[in-house]
Amino acid sequence: MCGFAGFLGAEAPDQPEAVLRAMADALRHRGPDDAGVWFDGQAGVGLAHRRLAIVDLTPAGHQPMRSPCGRFVLAYNGEIYNHLDLRAALAAEGGAFAWRGHSDTETLLAALRHWGVEGALQRVNGMFAFALWDAQERTLVLVRDRMGEKPLYYGTCGGAFLFGSELKALRAHPAWRGEIDRDALAAFLRFSYVPTPYSIFRGVHKLPPAHFVVVRDGGRAVGEPRCYWDLARVAEEGVRTARGDAQELEEELDALLRDAVARRMMSDVPLGAFLSGGYDSTTVAALMQAQSGQPVRTFSIGFHEETFDEAKHAKAVARHLGTEHTELYVTPAEALAVIPKLPEIYDEPFADSSQIPTYLVSALARRHVTVALSGDGGDELFCGYNRYTLGYRVWRVLRWLPFPLRRAAAAMLRRLPGQALDALQRRFVPQRLRLPALADRLPKLVEVLEHRDGAAFYRSLVSHWKKPDDVVLGAREPVTVLDEAGRRPRLRGLREEMMWLDQMSYLPDDILTKVDRASMAVSLEARVPLLDHRLVEFAWRVPMALKYRDGQNKWLLRQVVYRYVPRELMERPKMGFGVPIEEWLRGPLREWAEELLAEKRLREEGFFDPVPIRRMWAEHLSGARRWHYYLWDVLMFQAWLARWGRE
């Protein structure tokens, strides 16, 4: 795993190699093993790279890498898991390559040279982002992998076209001018992440997954991103052709999983796996152990708060599989110590609080290995989230009620005093029959009743701040994939649509961003077998009746897991990978939060209307309402602003 950056412009900065080294040094955590820069003064293009050596530890893997013919120069972050197959295919097609080493970087460069960008992208299996300079055509091509496992930012600042794995690399260029995008900030409050293609800075973009962009004319002509693997088409064709016997599909899934995991065990350095004890991470660990001649290293962290502790389940699974298991029970002080690091790690506002345990388990794993396999992606592919089941059932009932009737019911409920109802049920309703947090649930029910269609209903389900334009001063919330009905595939219902939307948004922008930044912060490469594109395509061909069956989500995946782990070890309620932010904000984080949410500070900074934020803060502190998700969004922006926003 690595990090790269660069620039393209008619006027190169003074001492361009020094600028490139500074851009690379900003990414040292992504690649502590080696650094390299390349600059062409005539073209005004420069590439910088930091290397975390995983495959071929020799200098033969040094980057930026130039093709033997001298036409192409590549700076690349990722792994190509089928690179040996690609070498064989190149040889079969008469490609006369005198290989200098066995790195996948050299393979990728040869594939791009032989098949062209689009031809090579159709053949590669991997996670990657890269920049390719073509000296003959004088074009720069930026590319991102199919599911968005690896990041790539780009934009024009002060006449220079800049790009890199993280925003901090762009900041190291003297042309950098960062204007906070209030519209993107509004979107951040809704989703707890800044959605693609936006970044927190105006004019700087994230390249969408499965896209590439061509830059010409010294950076002055930036093309529209072009899709090379269309997830909408994959989903549409998969649902249309979905069929098959459960046993046959189980066999096919097992074989695909085995191969995906085996390919991601390719490494010249020690590797292991994250293990929570849930179905997804257990799948990965089990298939690693089944294909390993020695105990696989597995890692989990635990919390002393019972509600948040999965470590005991992970330990039981590890004992059954026979892995070499390492667990660490984290104290609140150790978890809280991560919070000051978050703005540096995530580089732009990011407010999924599971960022804290993800960093902690990455740091634990890095003490022992350089590569860790992760189970992310199983929920989105195989119908694992509660919103695909409980949320779906709620909408199926509501959609039959006439909209005027729903709107009238919402108006009536809005007038009910939630806190008073909470007090009444505590006084008169037996505890076993009470609805928890009734004051919180009433507004959510009102929101559900007010939506006309399933898409709006789902957008509300995944939103934190429902009207962020009212909170962010001068903002107009931008359009995202959740708003663009024309981009959606023709699927069979809301459940499939929710899964597709998550694969397009929540998965790359939240889950994979969280894993990439947390792991790379400690120079650990995280690999995600369940997002092998062949598995994604397969999952869309699985009938929904085999994803959700007999009241169980991820039914087909469960059948594969039961081949390796007893059912009784696995069947328990799903847990989130979280921390007790709600309680911490009233306790050890209160002083820190109060400073960031001070009314005077909010008014002087000028991004937020302090009134609703201060009201939420007061209600949360009193216990009248639980606003921790909303407040954490604001706090993560405020902490980020204190670190980065004024530079």
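Colleague: Where is His-533 found?

Modeller: His-533 is found in helix 21, residues 533–541. A helix here is a DSSP run of H or I with at least four residues, while a strand is a run of E with at least two, and both are numbered from the N terminus. Bear in mind that this is a predicted model: local features need pLDDT of at least 70, side-chain atom pairs count only at pLDDT 80 or more, and totals for chains, interfaces and linings use all residues. Residues are numbered from 1 along each chain as its sequence is written, and side-chain values use heavy atoms, with hydrogens and water left out.

Colleague: Why is His-533 called buried?

Modeller: Its relative accessibility is 14%. Buried means under 20% relative accessible area, exposed means over 50%, and partly exposed is in between, with a 1.4 Å probe and protein chains only. So His-533 counts as buried.

Colleague: What is His-533 in contact with, leaving aside neighbours within four places in sequence?

Modeller: Val-124, Asn-125, Arg-146 and Trp-229. Contact means heavy atoms within 4.5 Å.

Colleague: What makes a set of residues a nonpolar core?

Modeller: The members are buried Ala, Val, Leu, Ile, Met, Phe, Trp, Tyr and Cys residues, joined through side-chain atoms within 4.5 Å. The largest such core has 191 residues, and those touching the most other members are Phe-130, Ile-356, Trp-540, Phe-608, Trp-632 and Phe-637. Helix 29 (residues 628–645) gives the most to this core, with 11 residues. A second, separate core of 20 residues includes Phe-4, Ala-131, Leu-152 and Val-213.

Colleague: Which residues does Ile-356 touch, not counting those up to four places away in sequence?

Modeller: Ala-335, Val-338, Ile-339, Leu-342, Val-579, Ile-581, Trp-584 and Trp-632.

Colleague: How do you know that strand 1 and strand 3 pair?

Modeller: Two strands pair if DSSP finds at least two bridges between them. Strand 1 (residues 2–8) and strand 3 (residues 45–51) have 7 bridges, so they count as paired, in the antiparallel sense. Cys-2, for instance, stands opposite Arg-51 in strand 3.

Colleague: What is the strand order in the open sheet of 6 strands?

Modeller: The order is 2-3-1-9-8-10, with antiparallel pairing.

Colleague: What makes strand 2 and strand 10 edge strands?

Modeller: Strand 2 (34–40) and strand 10 (204–206) each pair on one side only.
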